[in-house]
Number of protein chains: 2
Amino acid sequence: MIVITALETCDVRFPTPTQRDGPDAMNEDPDYSAAYVVLRTNSPDDLCGYGFVFTIGRGNDVQKSACEALAYLVVGRRVEEVVSDLGAFARGLTGDSQLPWLGPEKDVTHMAIGAVINAAWDMAARRDRLPLWRFIAGLRPQQIVNQIDFRYIADVLTPHEALTMLNEAKYKKAERIQNLRDRGYPAYTTSPGWLGYSDEKLARLSLAAVAEGFKTIKLKVGVNVEDDIRRCRIARKVIGDKVSMAVDANQRWDVRNAIEWVKQLSQFNLAWVEGPTNPDDVLGHAAIRCAVAPVPISTGEHPQKRIIFQQLFQASAVDLIQIDATRVGGVNEILAILLMARKFRVRVFPHAGGLGHGELMQHLAMADYVSISGSMEDRAIEYVDHLHEHFVNPVRVIKGRYVAPSAPGFSAEMFGTSIREFAFPHGEAWRKSLSVGGSRPERADVM
Amino acid sequence: MIVITALETCDVRFPTPTQRDGPDAMNEDPDYSAAYVVLRTNSPDDLCGYGFVFTIGRGNDVQKSACEALAYLVVGRRVEEVVSDLGAFARGLTGDSQLPWLGPEKDVTHMAIGAVINAAWDMAARRDRLPLWRFIAGLRPQQIVNQIDFRYIADVLTPHEALTMLNEAKYKKAERIQNLRDRGYPAYTTSPGWLGYSDEKLARLSLAAVAEGFKTIKLKVGVNVEDDIRRCRIARKVIGDKVSMAVDANQRWDVRNAIEWVKQLSQFNLAWVEGPTNPDDVLGHAAIRCAVAPVPISTGEHPQKRIIFQQLFQASAVDLIQIDATRVGGVNEILAILLMARKFRVRVFPHAGGLGHGELMQHLAMADYVSISGSMEDRAIEYVDHLHEHFVNPVRVIKGRYVAPSAPGFSAEMFGTSIREFAFPHGEAWRKSLSVGGSRPERADVM
């Protein structure tokens, strides 16, 4: 009998340079990190499933221990049973009778559950020798409905409504799959706009982004409004009026100063203002959106579960959303959020600014295009050229578009050499770093 | 120099019997547990600070590791500096640049921060040889304002508004302190109403509660509506019309079935319906409250931060709230929530159904009465006669009222013998239990 024989975890951290200002308004010195999960099996072909939670450093050990704590729910399970009903598998993890006290569905336990669920989807797709987006594209509408836990969201999305939307979308699936293979999926880039870059570097990288084919760039803002106005002016001048420009405040503001700040930036015809305030403040986002209309407002990398997204939609609090495959409860909960977004006609711009986000999110965005929304030219996946070299099947972005991945699975697997080198605190990269008094190894031009 | 020399942690779990149905609609087999924190110092008088996070079993190890992860922010800090500005101490913990990625302010890291902050308040009160409620009562209005992080809530509560309310309340402080010493603070009891009790036991314990002087009892509901109607009828008949009866669904319902269910129970003149749906669904609570009016709606033991409470108030989603000293970021965040509740005239009924909740919450409810709301006869602290024997200064409830505690500190300290016996998994209680095939030690009539 083929079973899951182990749930292995690793604390992997990639130190980032400290010699300049932090990359965004809230996270000054991130060490992009993963609490990495491997589901091992006794399958003769060494079938495995890979997943991870993204963090920015401290606490990654806590996140790793949360992943380990799930072993008792997973080890010994039959692979066939898991992959043939991933919806039941997911509900089994979120439905433990003691763990949800820590959340429910909003803490490191929930993110750990998401990593394990994603590893199970990876395993299922690998087993069928399909990239995950194609695996999902192969699911019938009712099979997708079966993935979703409608508990607490049924007043906004019923199984019947979900099925109706999926049935509408299914007729063009083959055409869309071909379209993705031919043309890929739009990307936008955050590379030019990190805080701490000189004006010259901002201008140079903005111009380079346009030359590379990106149709949207994003700037980090939120520390100093005069700086932000100057930086937006520089970037807008360089990219012209045909390329879109978004800004991201990384939840820096209160409601009142968000409104004042955004009004001062609205002259730059922003594609969206991301993360204006605390991610759990649904009513705050609604108030900001109302006050700064028509500037589009968004959030999404931090809200922890479908129930927050549901309220963002109900309250008309956002024009578009980010989603993050390692924040919520894995593929299953992402599907629920995508279906609600489809119902409310809210566009999705997946978060992919960290470690391995692009690798995961490309599959979910493409599956959304094929099976749910049927749209991609009005949306884009974030892209930053950072840390992809550690992944066995890294993203490929050509002329501003993600190339549809063809390797089996969810693209979450990292190289063993990378994991060993960056394992915290005993990997080579950290032993060197910590032995010289806490300074960190340099990496060339990251983020 | 007197400094914090160590942050010690322990995983303490109290196994509860499994031979009957679970105690509430969502948590079937809780092992009431604490991730216990001790701040040690090099003070000649062995000054310490005690705090903990309550959990219901699995995941308590993750919670403990989250507490440990904070040591680097605490160990080596000067005691004088910590206790003389607890607001700055609290903001220092929540303001780490990497940990908030895991939340922000909504995960085991945030609860760990709360435990450490509470331990610091315990230490401060012990140092002044005052019970915590008296310590807080001794703070001037501006000192209380200084405790609070107004970030993200300033659109609902400004420092000036907070100061105005505190100044209004301050004139009767001495009278209220005396009143608490003379008469204590009202308690209500959940003891009669756990799911799984026979009708006979429900009736007997309800009658006993009235005889003991409780003015309110609470029944767990939410699994079967016919059972709930029958149980409410029995309890109401036994307690009469002069004693209040509340029910608690422990977040069991969707919005739609909450409305249907509550309408069927409204005939029993309920004091409140607690936890009707997911604790993060602010708009769901508002919809339920609107549909079942005038039945009072409440929630509070699970919302994780001031920003959710703020929205519950903004959306008129609740008539009253529970608060839990081990869910949010400690005393400082509780003070913010109490001030917002005061502004919105929402009554507070602290959650004290678990392990050590009553020990902590009595101080905060009494401090609220003295310094903030000025009211106590229209509210009550939950009481369950369970596990208090493990605390060095256990609560005392006499004739349905909490006796104002007089021992210095926050009453969070547990006996070393209890900690050793119930340490998981190597304490005596667990070694016995786990060595006989996973069955648990019996405890007489707990919960």
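The buried residues of α1(A) are A:Asn60, A:Val62, A:Gln63, A:Lys64, A:Ser65, A:Ala66 and A:Cys67. A residue is buried if 20 or more other C-beta atoms lie within 10 Å of its own, exposed if 12 or fewer, and partly exposed in between, with C-beta atoms placed from the backbone. Helices (H or I, at least four residues) and strands (E, at least two) are DSSP runs, numbered from the N terminus.

This is a predicted model: local features need pLDDT of at least 70, side-chain atom pairs count only at pLDDT 80 or more, and totals for chains, interfaces and linings use all residues. Residues are numbered from 1 along each chain as its sequence is written, while chains are lettered from A and ligands numbered from 1 in the order in which they are written.

Helix α1 of chain A spans residues 60-68 and is mostly covered, with 7 of its 9 residues buried. The cover comes from both chains. It includes β1 (4-14), β2, β3 and α5 of chain A, together with α1 and α5 of chain B. Contact here takes C-beta atoms, placed from the backbone, that lie within 7 Å.

Now the chain-to-chain contact. It takes 46 residues from chain B and 46 residues from chain A. On the chain B side, the elements giving two or more residues are α1 (60-68), α5, α12 (255-265), α13 (282-292) and α14 (306-314). Of these, α1(B) gives the most, with 5 residues. That side of chain B divides into 18 nonpolar, 15 polar and 13 charged residues. (Ala, Val, Leu, Ile, Met, Phe, Trp, Tyr, Cys and Pro count as nonpolar, Asp, Glu, Lys and Arg as charged, and the others, Gly among them, as polar.)

How are the copies arranged? Chain B can be laid on chain A with an RMSD of 0.0 Å by a turn of 180° and a shift of 0.0 Å along the axis. The two copies are thus related as by a two-fold rotation axis. B:Asp107 has the C-alpha nearest the axis in chain B, 2.0 Å from it. Superposition is by least squares on the C-alpha atoms of residues with pLDDT of at least 70 in both copies. The copies meet through the same surface, because 100% of the interface residues of chain B are also interface residues in chain A.

Next, the strands of chain B. An open sheet of 3 strands runs in the order β1-β2-β3, with antiparallel pairing. Its edge strands are β1 (4-14) and β3 (48-55), each pairing on one side only. Neighbouring strands of this sheet are turned by 15° against each other on average, direction ignored. Strands pair if DSSP finds at least two bridges between them. β1(B) and β2(B) (residues 32-41) pair in the antiparallel sense over 10 bridges. One bridge joins B:Phe14 to B:Tyr32 in β2(B).

Helix α5 of chain B, residues 108-127, lies across β1, β2 and β3 of that chain, and runs at about 150° to β3(B). (Axes are lines fitted to C-alpha atoms, for helices over the stretch in contact, and angles run from 0 to 180 degrees between N-to-C directions.)

B:Phe422 touches B:Val12, B:Arg13, B:Phe14, B:Gly427 and B:Ala429, not counting residues up to four places away in sequence. B:Phe422 lies in helix α17 (residues 416-422) of chain B. B:Phe422 and B:Val12 are 410 residues apart in sequence, yet 5.4 Å apart in space, C-alpha to C-alpha. B:Phe422 counts as buried because 25 C-beta neighbours lie inside 10 Å.

Back in chain A, there are two domains. Domain 1 covers 4-155 + 415-435 and domain 2 covers 169-402; the bounds come from an automatic or database domain assignment. Their C-alpha centres lie 23 Å apart. In chain A, 43 residues of domain 1 are in contact with 43 residues of domain 2. Elements giving two or more residues to the domain 1 side include β2 (32-41), β3 (48-55) and α5 (108-127) of chain A. α5(A) provides the largest share of that side, 8 residues. The domain 1 side divides into 27 nonpolar, 10 polar and 6 charged residues.

Terms used:
Contact = placed C-beta atoms within 7 Å.
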